[in-house]
Amino acid sequence: MDKIQSLTGMLDLYEDGDNTNLSSKIFETERRIKKIFSSYQLNEIRTPALEDTNLFKRSVGDVSDIVNKEIYSFNDRNDKSIALRPEGTASVIRAIIEKKLDQSNHKLWYMGPMWRYERPQKGRYRQFYQAGIEILGYKEGSPEFEMISIICSIIKEFNLKDCFIKINHLGSQENKEAYCKALTDYLAPFKDKLDSKDLERLTRNPLRVLDSKNEETILVLKGAPSIKSFLEPSALQLLEDIKNQFGDICSIEIDHSLVRGLDYYSGFVFEAISSNLGAQDSFLGGGRYDHLCSKLGGKNLPSIGMAIGIERFASLIQDFTLPNKIVSFITLTSNLEPKTYKIAHQLRSINKNVILDTELAEGSLKAKLRRANKNNSDYVIIIGEEELAKGTAVIKPLKDELEEQKIVSIEELFSFYKTI
């Protein structure tokens, strides 16, 4: 019988205690990002994995790669076209409109799987995970600084090197229209050098041509007009203010060729770039989308958001260490387990910043110590029949060679554990 295997570009993630593998990095990345989101008083929102396909056609643009060739969509039993969500923002706005919350301010975060049928490559999969933030109902200004602050916090938390933040402004609707006309006029004589995808973009959304990966188009664009010439002074000042205020915390570059791939972006846009990711070098991006809510049938709701590709982001982490101490709890004989598990429970309750790994498997002390080392434990607590009879425990350090093994009373064990 043939083996059933996972689909192309869809990963099984299994945390096995090895902090160098991608799965463990992904799980730890998610834990730390959630803590950062909570520190900014963001509230979690969860939306369904399946949505009406029209939601994404109307939001990200029917000329986008996502809708044209990357979306997973199919008809249900009622012949209604439904899709696995390819991104999170449209679903969040749909939920806000549906719950009649589109006249209020919201600071939200989400985390979960997304799906796009694209060619799998380093850090890019057909089922992938995103963490996102949506700040809704606030006009341009303070939310932009808040967003850059969050990004800097994430970069600093993970001690990322060789990365920087690109920022740009796409202007008001009038600015965009004027610039799109100038760009279209400039590109008109070069149409024979553009491929079919860029020609379609030029007709449907000229700004998207700036995001072209076609080498000939890139060469042609070197002489194109810059959007900088079409922006209001306030937009240019916002870019300078953000760079000046946060440039000493994270590396920030103003790039007037930066556009985002989804049609709903307007105003301030940004990406976080790493030189360690190759050609597809961004791991985080977003921007302002003031008109998406009204476009989807809701009220006018000025908004800004961002999304982080978890797998791509986790692959950047080189110096990966767990923030918590890990202690392995070893019982030497099975008949002691009922009593020793109560001790383990009491230890967990007095210090929630320590991970207590209760050794469940049978085997020799040597085998259990070997597993504790593999699980990256800092200490081992050992209790055998002799220790339990005397009301003592053995504390064995695994990482600090200068620290000696010692026998302590159960009361001293609790005191030690509390101070780790």
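**View 1. D79 sits in the loop between β3 (72-75) and β4 (81-84).** This close-up, like the others here, comes from a predicted model. D79 is not a glycine, yet its phi is positive, at about 65 degrees. The residue counts as exposed because its relative accessibility is 59%, and the cut-off for that class is over 50%.

**View 2. N376 occupies the loop between α13 (365-374) and β14 (379-383).** Here too a residue other than glycine has a positive phi, with a value near 70 degrees. N376 has 23% relative accessibility, so it counts as partly exposed. Buried would require a value under 20%.

**View 3. S212 lies in the loop between α7 (196-204) and α8 (215-221).** This serine counts as buried because its relative accessibility is 7%. The side chains of S212 and D198 are joined by a polar contact of 2.7 Å. Setting aside residues up to four places away in sequence, S212 touches D198, R201, T217 and I218.

**View 4. Helix α5 (residues 142-157) crosses helix α9 (residues 233-246) at roughly 35 degrees.** The two axes come within 11 Å. The crossing of α5 past α9 is right-handed. On the α5 side, the contact is made by E144, F145, I148, S149 and C152. Their partners in α9 are L238, D241, I242, Q245 and F246. Sorted by type, the residues of this contact are 6 nonpolar, 2 polar and 2 charged.

**View 5. The largest nonpolar core holds 45 residues.** I93 and L136 have the most contacts inside this core. At least two residues come from each of α2 (53-59), α4 (89-98), β5 (106-115), β6 (127-136), α6 (173-187), α8 and α10 (292-295). The biggest share, 6 residues, is from α4.

**View 6. I93 is in contact with L136, Y289, L292, C293 and L296.** That list leaves out neighbours of I93 within four places in sequence.

Note on methods:
Residues are numbered from 1 along each chain as its sequence is written. This is a predicted model: local features need pLDDT of at least 70, side-chain atom pairs count only at pLDDT 80 or more; totals for chains, interfaces and linings use all residues. Side-chain values use heavy atoms; hydrogens and water are left out. Axes are lines fitted to C-alpha atoms, for helices over the stretch in contact, and angles run from 0 to 180 degrees between N-to-C directions. Helices (H or I, at least four residues) and strands (E, at least two) are DSSP runs, numbered from the N terminus. A crossing is left-handed if the near helix is turned anticlockwise from the far one by less than a right angle, and right-handed if clockwise. Contact means heavy atoms within 4.5 Å. Ala, Val, Leu, Ile, Met, Phe, Trp, Tyr, Cys and Pro count as nonpolar, Asp, Glu, Lys and Arg as charged, and the others, Gly among them, as polar. Buried means under 20% relative accessible area, exposed over 50%, partly exposed in between (1.4 Å probe, protein chains only). A polar contact is a pair of N or O atoms within 3.5 Å; within protein, one must be able to donate a hydrogen and the other to accept it, and residues adjacent in sequence count only if both atoms are side-chain atoms. A nonpolar core is a set of buried Ala, Val, Leu, Ile, Met, Phe, Trp, Tyr and Cys residues joined through side-chain atoms within 4.5 Å.
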